[in-house]
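Please read it alongside the sequence and the coordinates.

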Amino acid sequence: MEIAAFLILILCCTVIYGKDPGKNPCGKESNDNGECPLAFEPIPQPFLVKIRYPRDNKYAQNASKDASKMYLRGSGLGLTWEKGQMMKNSAEKDAWEFQLEFGIPGYELPNDKKPPARFEFRVYLDDSQDMLGPNFVVALPLSTNTQNTSKVPEFWRYPWFFSKKESVIDRYIYSPQLEGTRLIHVILPPSFQENTYKRYETMMVNDGQRLDKIVPQLSILMVQRALIKEVVVVGITNSYVNRTQLLAVSNGSDIKCINGNNMADCNGCVRCNSSTCSYESHIDDYQRCYKWVRIPKVYGQLYLDFIQDTVIPECKSKYRALAGPQNFGIMGFSLGGLISCNAIWTRPQTFGSAACMSPSLWWPFPVNATFPDDAGYEFTRDTLMKYRGARPRQKIYIDVGGNEGYIMTSPARNASMILAGTPYFEMNKNLWFYIWEGEYHVFMKAVQRLWIPLIAFYGTEGSPQGEIIKKVIEENKTNRATKDSFVFLTLFWMCLIAHIGSITP
């Protein structure tokens, strides 16, 4: 009994004071010095986090903050969320850098260089003023830079710290394609004026005269909850008088009252003038009160030329838009949704994402058509059968209200199925389709569900700051204290039992 108790006591002391054999990556194969006789010594891989921010700007000065001192806090690799480490000045103007290293998971490396599952970090001014927006993320492991393979990989980030509100600019821009001046509304993200080095993805919005309806949602998603990246949003206005002509991409017909005009509900013929009427009511009104009249000319393709050849270059030169089709999206409702779907499919060299909200994929109707039997469904029957060559990876969102009727739900469903059948789209990866049960063809309802494509297209990789990080810190403290207490109590009782056993006669 004394011998067994003595052995337990030795084991306890070894665990408390000696090396933990469970942490030896070589197990029984280690030498007398506890070293691992591997054929190589794993070398941690270095990389640089580099940031750029104007040292002299009114935002930092107004807050009495020193913009010359930048600190990093993070989720590992020697960084913590509680206290920052100072970055050093980089060779570039208004730039700072900090070198980190990561190594093989599970292999003992000095200075806590083992990579976390997600390496996230934040930048602080003078280690006191936290940046705004979500955490920055670096995906590990890394590749060397493609232009210089001997260079340590660099990850540039562009923080901002003070500005919390977007700004809206209204300006007129001449369109040689449409032979006239068009009004555009530009929503600039909060960091635009504060960090003039930052560039942005850009979303084009059809029916831009309604852009004010989506500003509150953008503010919530971009700043208050930091669920999407900062993006520049450009609303392109149109006149309702020529809306169908402007947004239709092929020849077709438009409805006209048999008697009277739309303002007078076709001399009182229309019984239901609300978007929330039943599908059957709309069919009855269309068949009794309207006729289909050919549109003399449509401008949809010229309108897309205007966006592609005039608006996008303007955004690159004036609003620091990132280049490349992957950085430009387009979205719209109804006919705006139709032309958005058409744009991304027929112009992959220009657009990388499209949100087609309740799209009018029934287009076109012939002259003297019978509604809804004579719908042409040109996009699913013709357009999607063309332009099927290789294309860059794109993102498409299509939705429709369940109460919008067969003429809306059927082509929307068919379009998503055709797209999913191509080698370029996979459902829930870069293609999303929703039928919203109980919803009608109402613009504000589409606005309420706009957050889904925005997160699908621009969702942030890093976690939002604030309560999440505070929770992580508290959980780490609690878990550490609980673990330390458990280990201490376990070893204490083991040693106590061993001691009692050693003195028992």
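## Chain overview

Among the contacts in the chain with a separation of 6 or more, 73% are accounted for by residues 24 or more positions apart, where contact means heavy atoms within 4.5 Å. This is a predicted model, in which local features need pLDDT of at least 70 and side-chain atom pairs count only at pLDDT 80 or more, while totals for chains, interfaces and linings use all residues. Residues are numbered from 1 along each chain as its sequence is written, and side-chain values use heavy atoms, with hydrogens and water left out.

The chain holds 13 helices and 19 strands; helices (H or I, at least four residues) and strands (E, at least two) are DSSP runs, numbered from the N terminus. Of its 505 residues, 48% are buried, a term that stands for under 20% relative accessible area, with exposed being over 50% and partly exposed in between (1.4 Å probe, protein chains only). The accessible surface of the chain is about 25900 Å², and carbon and sulfur atoms contribute 54% of it; the areas come from the Shrake-Rupley method with a 1.4 Å probe, and for residues only the protein chains shown count as cover.

An open sheet of 4 strands has the order 4-5-1-9 with mixed pairing, two strands being paired if DSSP finds at least two bridges between them. Strand 4 and strand 9 (154–157) are at the edges with a single partner strand each, so one side of each has no neighbour in the sheet. Strand 5 (residues 95–102) is mostly covered, with 6 of its 8 residues buried.

| Strand paired with strand 5 | Bridges | Sense | Residue and its partner in strand 5 |
|---|---|---|---|
| Strand 1 (residues 45–52) | 8 bridges | antiparallel | Lys-50 and Glu-97 |

In helix 6 (residues 279–289), the buried residues are Tyr-279, Ile-283, Asp-285 and Cys-289. Viewed down the helix axis, these buried residues fall within an arc of 165°, so they line one face of helix 6; the arc is that of the directions from the helix axis to the C-beta atoms. They pack against strand 14 (253–257), helix 5 (265–268), strand 15 (290–294) and helix 10 (406–420).

Helix 10 has buried residues that include Ile-407, Met-408, Pro-411 and Leu-419, and its buried residues pack against helix 6, helix 8 (335–346), helix 9 (378–381), strand 18 (395–401) and strand 19 (431–436). At 1.5 Å a residue, the 15 residues of helix 10 should span 21 Å, which agrees with the 21 Å between its end C-alpha atoms; the expected span is 1.5 Å times one less than the number of residues.

## Thr-276

Where does Thr-276 lie? Thr-276 is in the loop between helix 5 and helix 6, and is partly exposed, with a relative accessible area of 44%. Not counting residues up to four places away in sequence, Thr-276 touches Tyr-440 and Val-442. Thr-276 and Glu-404, 128 residues apart in sequence, are 8.7 Å apart in space, C-alpha to C-alpha.
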